[in-house]
Amino acid sequence: MTESSALLTDRYELTMLDAALLKGTYDRECVFEAFTRHLPAGRRYGILAGTGRLLELIEQFRFGDVELEFLRDNRVVRQETLDWLADYRFSGTIRGYREGEVFFPGSPFLIVDAPFAEGVILETLILSVFNYDSAVASAAARMVTAAAGRPLAEMGSRRANERSAVAAARAAYLAGFDATSNLEAGRTWGVPTMGTAAHAFTLLHDDEEDAFRAQVAALGPGTTLLVDTFDVERAIETAVRVAGPELGAIRLDSGDLPKLVRRVRDQLDRLGATRTRITVTNDLDEFTIAALSSSPVDSYGVGTSVVTGSGAPASGMVYKLAAHRDGAGEWVAVAKKSDGKPSIGGRKHPVRRLDASGRAVAEVVHIVEAGDRPDDTGRDLLVPLITDGEIHREHLGPEGTRRAREHREIAMRELPDQAFRLGRGDPVLPTVFA
C-alpha cells in the first residue's frame, strides 16, 4: 500500500476516462453534482459528514509508479491514458454544504466544476466517503437527541473495519457524541478518547476485588469499574469498598437495563456513593436510549448501531453529470431519464428558506447559469471547498472537525420540532426546484 488514494475507486471510472481521451471529449467542461435520492425509511433529516476526509483524499489522489504499474500490468487502460494519469492533479473547483449541515433528498450537497476527465474519476471516492460518514452522523444525531443532554461515547471500532472505525468515530463526534474509544481518531481528528477495562481484565485476576484494586491503583478512584462480569450487586459493594464513595462511575454491559439501572442507583446511594455515575453500553441505539430517558443513567456507550448507521449503513447518495459544454462550446443541461432513477439537469444553487423565527421551512434548489446567484432570501448552503485546485484548508484536520461539529449544532437548531421525533415520518422539509 502507498499513501496514494488513487486506486480507492471503481475500474469503470478509468475506462470512461480512457474512452473519453480516445474520443477527444475528456476535456469538456462539466458540472457534476452529488445528492441523495432519499433518506432511509422513516428518517426526517440527514447530517452531512466526510468533507474534511474527502478533501485530504483528493489531495492524495495521485498516480505514482506503483499505481501506474498495477494499471499497466492489468491492462486497465491504454498507455496514453497512463501518461495522462501520471500527471493528474485535480485543478477544478468544488463547492458544497458545510460539513455538519442538515441535508434532504434531491438537493446537491456537492458541486464539482471540472473537465470531464478530472471530475469523473473522483466519483467513487466522493460517494464512498459521504455515503458512509453521513450514515453514521445521521444515526448519531438521532442518538444525541434521544440522550437529551447525557454524554455519549462511540465504542464501535470492533464492529467496523480498521479504516471505517476511524471515520465513524469522527462522524459520530461531529454529530454530537462526546468521545470515542478509538485512539487513531483522537490522533488524526482531535476526537476526545476514553476507555478503562473490559471483562477480560476482571477474569485475568484471582477475584473481582483484586481486579478492581489493580485498576484503581493504576487509574485512581475516579475510574469506571465494569460491574457485570459476575454478580452486579456484589460487584458494586466491592467497587465502593475498594474505591470509596469517590468512585467515578460503574459500567453496565448487560441485563434488563431500565430495571437494573434503578436498582444500581439505589444501591450506590445507600452505600454513600451518591456522585458515582452510571454508564450503560449494552447494544444501544436511539430507541433503547430513548427508552432509558426516565432511568438514572448518566452516560451511554454505543457501538454496533452507530458504526452501521443504525440499520442504514449508506445514505443513498449518487454522483451525476448535470451539465457540460458541447462541441460548439455551449452549455447543455443533461439528465438521466431512467425509470425510477431520474435526475434533473442544469447547474444548481441550493438555499434553505427560513421563516421569521429562523425555523427552516423548505429546501429550494434553483437552476442557474454559471456564476449566477439566485434572487432568494434563503440561507446559502454552498461554501468553497476547492478553488482552481487549491483546497480551502480550514475544512481539514482537527480544526475542520471542530468547525463541522459547531455547524451541526447551528443547523439542527433551525429544524422544526417534528424533525426530532424518532417515529417514522417523511423528510421534515420539502425540496423544491425553482
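This is a predicted model: local features need pLDDT of at least 70, side-chain atom pairs count only at pLDDT 80 or more; totals for chains, interfaces and linings use all residues.
Figure 1. Beyond its neighbours within four places in sequence, Thr 36 is in contact with Phe 103, Phe 104, Pro 105, Gly 106, Phe 109, Ser 315, Gly 316 and Met 317. Thr 36 belongs to strand E1, which covers residues 29–36. Is the residue buried or exposed? Thr 36 is buried, and its relative accessible area is 1%. That value falls under the 20% limit, so the residue counts as buried. Two backbone oxygens lie close to polar side-chain atoms here. One is the backbone oxygen of His 38, which the side chain of Thr 36 reaches at 2.9 Å. Another is the backbone oxygen of Ser 315, 2.6 Å from a polar atom of the Thr 36 side chain.

Figure 2. Strand E11 spans residues 299–302. Which residues point which way from the strand? Ser 299 and Gly 301 point one way, while Tyr 300 and Val 302 point the other way. All four are buried. Strand E6 (residues 152–154) pairs with E11 in the parallel sense, over 3 bridges. In that pairing, Ala 153 stands opposite Gly 301. Strand E10 (residues 277–280) also pairs with E11 in the parallel sense, over 2 bridges. Here Val 280 has Tyr 300 as its bridge partner.

**Figure 3. Tyr 300 and the largest nonpolar core.** The largest nonpolar core holds 61 residues. Tyr 45, Leu 252, Val 264, Val 280, Ile 289, Tyr 300 and Val 306 touch the most other members. Which helix gives the most to this core? Helix H6 (residues 123–147) does, with 9 residues. Tyr 300 has contacts beyond its neighbours within four places in sequence. They include Ala 147, Arg 150, Pro 151, Leu 152 and Ala 153. Thr 279, Val 280, Leu 284, Ile 289 and Leu 292 are also in contact with Tyr 300. A second, separate core has 53 residues, including Leu 54, Leu 82, Val 120 and Met 317.

Figure 4. The side chains of Arg 347 and Asp 113 meet in a salt bridge, at 2.7 Å from N to O. How many residues apart are they? The two are 234 residues apart. Arg 347 sits in the loop between strand E13 (331–333) and strand E14 (348–354). Asp 113 sits in strand E5 (residues 110–115). Arg 347 counts as buried, at 10% relative accessibility. In total, the count comes to 25 salt bridges.

**Figure 5. Salt bridges within helices.** In helix H8 (residues 183–189), Arg 187 and Glu 184 are 3 residues apart, so about one helical turn separates them. Their side chains meet in a salt bridge, at 2.8 Å from N to O. Arg 187 is exposed, with a relative accessible area of 67%. Glu 184 is partly exposed, at 31%. In helix H15 (residues 397–413), Glu 399 and Arg 403 are 4 residues apart, so they too are separated by about one helical turn. Their side chains form a salt bridge at 3.5 Å, N to O. Glu 399 is partly exposed, at 34% relative accessibility. Arg 403 is partly exposed as well, at 42%. Elsewhere, salt bridges with shared partners join Glu 101, Arg 352, Glu 363, Arg 379 and Glu 414 into one network.

**Figure 6. The whole chain, as context for the close-ups.** The protein has 15 helices and 19 strands. Its C-alpha atoms fill a box of roughly 85 × 55 × 35 Å along the principal axes. What share of the 434 residues is buried? Buried residues make up 53%. Contacts between residues at least 6 apart in sequence were also sorted by separation. Of these, 74% join residues at least 24 apart. The accessible surface comes to about 19,400 Å². Carbon and sulfur atoms account for 50% of that surface.

Terms used. Residues are numbered from 1 along each chain as its sequence is written. Side-chain values use heavy atoms; hydrogens and water are left out. A nonpolar core is a set of buried Ala, Val, Leu, Ile, Met, Phe, Trp, Tyr and Cys residues joined through side-chain atoms within 4.5 Å. Buried means under 20% relative accessible area, exposed over 50%, partly exposed in between (1.4 Å probe, protein chains only). Contact means heavy atoms within 4.5 Å. A polar contact is a pair of N or O atoms within 3.5 Å; within protein, one must be able to donate a hydrogen and the other to accept it, and residues adjacent in sequence count only if both atoms are side-chain atoms. A salt bridge is a side-chain nitrogen of Lys or Arg within 4 Å of a carboxyl oxygen of Asp or Glu. Accessible areas come from the Shrake-Rupley method with a 1.4 Å probe; for residues, only the protein chains shown count as cover. Two strands pair if DSSP finds at least two bridges between them.
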